[in-house]
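The sequence and the model are shown first.

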Amino acid sequence: IRGIGVTGVQTCALPISSSNGHTLAEREAAEIINGGTVKNVVAIVGDSMVKDVSGQRMSAKDPDHHFVVKSIAGANLEDIEDYIKPQVRRAPAKLILHVGTNDVKKLSPQAIANSTMNLVAQVRDNSPETNVGIAALLVRSDNSSLASKIKQVNAILKEYCNLKKIPFLSNSNIKTYISTPEDPNLTKKAG
């Protein structure tokens, strides 16, 4: 999360109207009032890989932010384009995209990276005040051809993010990832 500036961020009251046309109710939905303190909302949107990520636990550790995790099981990048719209309408302060896992078998690394960058553009067009970050796909240890493809996707995404000044979260704290038919999500880690 450090790459998207989640810790140590100053919060301030938002204006009643904003340049992106969001209503006051939508802006208020993007903030949480907690004991008189405004907490900026950080939305994490992704496929089932994020299903066990606890927004509540993350919020408890960060006094300045309220984390909302939206997991869409089985969603590919095309699906995420639709599913992300309600989250973007709420205009969160930050939005982290953890997407592309379900496209690795069918699309080229370049196509996955391009579709991910299209999602970033969609968010920026509809909510210019939202700071968007991209999380790297997790490298798998159970399938070497997919692992190689995922590394390619991550390299392209990292390059795009550097060029476009988009925060890239490398997930370097997760060394390897093991997918099993019983549990294909972020619950099994090795190394």
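The points below move from the overall fold to individual residues.

The structure is a predicted model. The protein chain contains six helices and eight strands, and their order along the sequence is α-β-β-α-β-α-α-β-α-β-α-β-β-β. Of the 191 residues in the protein chain, 45% are buried. When contacts between residues at least 6 apart in sequence are considered, 70% of them join residues at least 24 apart.

**Packing of helix 5 on helix 6**

- Helix 5 spans residues 109–126 and helix 6 spans residues 144–164; the two pack at an angle of about 40 degrees, and their axes are 8 Å apart.
- From helix 5, the contact involves Pro 109, Gln 110, Ile 112, Ala 113, Asn 114, Thr 116, Met 117 and Arg 124.
- From helix 6, the partners are Lys 149, Gln 152, Val 153, Ile 156, Leu 157, Tyr 160 and Lys 164.
- By residue class, the contact of helix 5 with helix 6 comprises eight nonpolar, four polar and three charged residues.

**Nonpolar cores**

- The largest nonpolar core has 30 residues, and those touching the most other members are Ile 80, Ile 84, Leu 95, Leu 97, Leu 119, Ile 134 and Leu 157.
- At least two residues of this core come from each of strand 2 (37–46), helix 3 (77–83), strand 4 (94–98), helix 5, strand 5 (131–135) and helix 6.
- Another core lies apart from the largest one; this core has seven residues, including Ile 44, Phe 67, Ala 135 and Leu 169.
- Leu 119, one of the residues of the largest core that touch the most other members, is in contact with Leu 77, Ile 80, Glu 81, Ile 84, Leu 97 and Val 99, when residues up to four places away in sequence are not counted.

**Thr 116 in helix 5**

- Thr 116 is a residue of helix 5 and takes part in the contact of helix 5 with helix 6.
- With a relative accessible area of 1%, Thr 116 falls under the 20% limit and is therefore buried.
- Leaving aside neighbours within four places in sequence, the contacts of Thr 116 are Leu 77, Leu 97, Val 99, Ile 134 and Leu 157.
- Among these partners, Leu 97, Ile 134 and Leu 157 also belong to the group in the largest core that touches the most other members.

- Glu 81 is part of helix 3 and is partly exposed, at a relative accessible area of 32%.
- Not counting residues up to four places away in sequence, Glu 81 touches Leu 119 and Gln 122.
- Glu 81 and Val 123 are 42 residues apart along the chain, and their C-alpha atoms are separated by 9.5 Å.
- Lys 94 is located in strand 4, where its relative accessible area of 7% makes Lys 94 buried.
- Between Lys 94 and Ala 43, the C-alpha to C-alpha distance is 6.3 Å, although they are 51 residues apart in sequence.
- Arg 57 belongs to helix 2 (residues 55–61) and is exposed, with a relative accessible area of 53%.
- Arg 57 and Phe 67 are separated by ten residues in sequence and by 8.6 Å in space, C-alpha to C-alpha.

**Backbone: positive phi values**

- Most residues other than glycine have a negative phi.
- Lys 165 has a positive phi, near 55 degrees, and is not a glycine.
- Lys 165 occupies the loop between helix 6 and strand 6 (168–169) and is exposed, with a relative accessible area of 72%.
- Asn 171, likewise not a glycine, has a positive phi of about 60 degrees.
- Asn 171 sits in the loop between strand 6 and strand 7 (176–177) and is buried, at a relative accessible area of 18%.

Key. Residues are numbered from 1 along each chain as its sequence is written. This is a predicted model: local features need pLDDT of at least 70, side-chain atom pairs count only at pLDDT 80 or more; totals for chains, interfaces and linings use all residues. Side-chain values use heavy atoms; hydrogens and water are left out. Axes are lines fitted to C-alpha atoms, for helices over the stretch in contact, and angles run from 0 to 180 degrees between N-to-C directions. Helices (H or I, at least four residues) and strands (E, at least two) are DSSP runs, numbered from the N terminus. Contact means heavy atoms within 4.5 Å. Ala, Val, Leu, Ile, Met, Phe, Trp, Tyr, Cys and Pro count as nonpolar, Asp, Glu, Lys and Arg as charged, and the others, Gly among them, as polar. Buried means under 20% relative accessible area, exposed over 50%, partly exposed in between (1.4 Å probe, protein chains only). A nonpolar core is a set of buried Ala, Val, Leu, Ile, Met, Phe, Trp, Tyr and Cys residues joined through side-chain atoms within 4.5 Å.
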